[in-house]
Amino acid sequence: MAESFQPKGEEREVRLLGGATIDGAPVAYVVVMAAVVTALSFVPFSVVFAAGGSFPLAQGVYALVGILLGPWAGALAAGIGRLIAVFVAPHTAGVGLPSVVFAVVWAAAGGILVEKRGWGWLLALVVFVASYLFYVGRALTIDVTLPLALQATAVSLLGLLLWVLPTRALARRWIADPNLGRVAAGLFLGCLMVNANALTFANAWVYYTIGWPAKVWMALVPVVPVEQFFRTVVGTVIGVGVIAGLRALGLKRPAKAGY
Amino acid sequence: MAEPIVLLENLSYQYPGASAPALRDVNLRVERGEFVGIVGPTGAGKTTLCLALNGTVPQFYGGRFFGRALVAGLDTLEHPIHDLARHVGMVFQDPEAQLLTTSVENEVAFALENLCVPPEAIRARVARALAAVRLQGLEKKRPHELSGGQKQRLAIAAALALEPDLLVLDEPTTQLDPVGQEEVFATVARLNREQGVTVVMASHAVEYLAEHATRLVILDQGQVLQVGPPRDVLAQVEQLEALGLRVPQVTRFYHLMQARGERLPTLPVTQDEALAQYRGLRGRWRIRSDGAAVAASPPREGPPLIEVEDLRHVYPDGTEALRGVSLRVWPGEYVVIVGQNGAGKSTLAKHVVHLLEPTSGTVRVGGEDVRGLSTAALAQRVGFISQNPDNQIFTTRVEEEVAFALRARRVPEAEVQRRVAWALEEMGLAPYRDRHPLSLPKGDRARLVVAAVLAMGPDILIFDEPTTGQDPQGARRILDLSRRLQEQGKTVLVITHHLYLMPPYAERAVVMARGAILLDAPLRQAFHAVDVLRQSDLQPPQIVLFARALAAWEGVDLPILTEEELAARVEVTGEMEHGGV
């Protein structure tokens, strides 16, 4: 309250009863973010992908959805948005319904990234490490050499490394910083590690169901870093604008939001 | 004493992250069946007060809350919004923003379905609500096919279907043309009068509030300054004008007469009261018929700057928005384009900046067909300020927003800084240069867009509804600037519904209706062409209608446009015929 003004009324405890929430995020926010994911799913982001089709621009914001809403609400928003998109934007549906699961895990990881406490990060780490071992292990048993596998999954390894190092906490702190420059740095770092790990999870699944020959692994070496860079830039650019706007508007902040 | 429908006791509220409270020690008691108008400048706290009545403030926004707010006997801090929604119906400024289904009846049924009202009861309530706002027969129509006034009436029907004890409307008519505005006020007043619905309405439309409200609340900087019947509150002309608020034009006219030394028992606040008071003064007051006359259009020299020839535009859905429009605007002119919602005004303006492609016909700026000009080249010649400021705002700082286009044009940084500082100063936004644009009230965001366009220094400025959502002071600030720019040689086109604001500024008026130009004439002639204006769902300013009534009585020609002009025509000659009113 402004120093010069002393209210006559007694201060009351404000409880946020203003509508249903999911894990502290208003349902309206979940609906809006789901709509954003669906809308961005219409935009094919790349024609080069291991599974052979294009992937949607929405993949650039899955991590951001989790950062904005928290793990559960973020996962729900991304999942609903992606599920609708599978039917209304089939040109970017890729592997179809499994992509809904990828979106859920992706956004949940974004939410876990900004959690201050709890063991969610460890559970996520177990999932990501298992995914990596499964993915690379299966490749080695077919026709991929270890050096090629390591080169093609360098970004995945970087993602795991960033997840276990204090960089995860650093990204969280920067995202919550009032300075928008730090927010941008935090989003870039956070989205990078989330994208890398979530894509490892998705690749493990897709590789198990489709598989691709060693020649494709060679192509992945230069392609994956470029794609991940652009995914991360998309999340960062959109995220900085959205976070700046949300802060300026003074709208209620979801309980587990990272900003 | 019966329990009031609204009881606010020492209510103070501060939004999270805000540096100052939005409401300060508000005390207000609203009895059942009242129609309370809330008037105040931009940022006075009108919207916050409305939102506090259904618990959205503070339950959705959070923040700090002091005192007590009881609505229908329920403490708004202790009952969730969905409980309060059964007692309070809300209608907001933008009718588009609150309609979300695909048919009129579904729209009205939506909230009831969410509250698990049985289907038979829903059907009955939908029928009643639509009848109450006179939208029967349109049940299957798509909401987006309705006119602006109909959309807002539909929003009111959706609120009414909840059978609320209290209907809260937050500036529900600012985006509507005068006939749409009339429809909404007539509907709300009838619901209040005939069905006993209690109404709280924030609005700048003081002429209508004076007509219908039982009490007015004047808010400024979150504080209640005055509460009372419109006659008492609006009579404080100087105090209200000092706050940047308007009073009805007839009130202002009588106030001017009072300032000339006339002793008047009361200041009338409605047209009927004003006419009645004049009747009592006949004989003492005499209207001179000399003075302002309808001038012919001034001769124009040289080639026109904007030339529109036989322009047609058909939108992809088949709507014919422009039907063979031809218009010429000469350098240095100030033209106001008026017309009903959907008349084609904005569509015409968008062709001048080539945001739309003509279906047929041509648009030339400076003699060149706009189709041959690049967007960048056209943007340097024509500045377009769109109706919704948020469509043109995309950076994270006020200063950056103004500088953006200049830097994109590689203007030297020192010049960028100079122009940004000038534009922000002109629009009164200099103190907010480091703020996020979305943290500003809508009126300030509109001025920010004007500042961004101004900084580019275009020769032609097109303002599309620049005064919508502005308080009178904000509107004047924008229009004063437009006049200064015209005086500097710029050509100005203003699209507006707010006819009463234009007399000090525009010289020429173009009246549009249903995609065609009905009249292109000097402003004075156009504002007195009442029949033509009505064809476009417009009506002249209150003072013009009042003057026309006086002219008919006195048998004189009275083509005045402002209260000052009318006061100048009144000669005080002798004693009152009937001793006043």
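Visitor: Which domains does the assignment give for chain B?

Guide: Domain bounds come from an automatic or database domain assignment. For chain B it gives domain 1 (6–13 + 31–247), domain 2 (254–293 + 543–572) and domain 3 (306–527). The model is a predicted one, in which local features need pLDDT of at least 70 and side-chain atom pairs count only at pLDDT 80 or more, whereas totals for chains, interfaces and linings use all residues. Residues are numbered from 1 along each chain as its sequence is written, and chains are lettered from A and ligands numbered from 1 in the order in which they are written.

Visitor: How many residues of domain 1 of chain B are in contact with domain 3 of chain B?

Guide: Two residues are in contact if their C-beta atoms, placed from the backbone, lie within 7 Å. By that criterion, 17 residues of domain 1 of chain B touch 13 residues of domain 3 of chain B. Helix α7 (residues 178–195) of chain B supplies the largest share of the domain 1 side, three residues. Helices (H or I, at least four residues) and strands (E, at least two) are DSSP runs, numbered from the N terminus. By class, this side of domain 1 of chain B holds five nonpolar, ten polar and two charged residues. Here Ala, Val, Leu, Ile, Met, Phe, Trp, Tyr, Cys and Pro count as nonpolar, Asp, Glu, Lys and Arg as charged, and the others, Gly among them, as polar.

Visitor: Why is strand β14 of chain B described as largely enclosed by the rest of the structure?

Guide: A residue is buried if 20 or more other C-beta atoms lie within 10 Å of its own, exposed if 12 or fewer, and partly exposed in between, with C-beta atoms placed from the backbone. In β14(B) (residues 334–339), six of the six residues are buried, so the strand is largely enclosed. In a regular strand the side chains alternate between the two faces of the sheet. Both faces of β14(B) are covered, with B:Y334, B:V336 and B:V338 buried on one side and B:V335, B:I337 and B:G339 on the other.

Visitor: Which strands pair with β14(B) in the parallel sense?

Guide: Two strands pair if DSSP finds at least two bridges between them. Five bridges join β14(B) to β19(B) (residues 491–496), in parallel, and five bridges link β14(B) with β20(B) (residues 508–513), also in parallel. B:V338 stands opposite B:T496 in β19(B), and its bridge partner in β20(B) is B:V511.

Visitor: What does helix α15 of chain B pack against?

Guide: In α15(B) (residues 398–408), B:V398, B:E399, B:E401, B:V402, B:A403 and B:L406 are buried. The buried residues of this helix pack against α16 (413–426) and α17 (442–456) of chain B. After α15(B) comes B:R410, with a positive phi near 60°.

Visitor: How many residues does each chain bring to the contact between A and B?

Guide: Chain A gives 22 residues and chain B gives 34 residues. On the chain A side, β1 (11–12) and α10 (214–249) each supply at least two residues, and α10(A) has the largest share, five residues. The chain A side divides into eleven nonpolar, six polar and five charged residues. Two bridges join β1(A) to β4(B) (residues 64–71), and these strands run antiparallel; A:E11 stands opposite B:F66.
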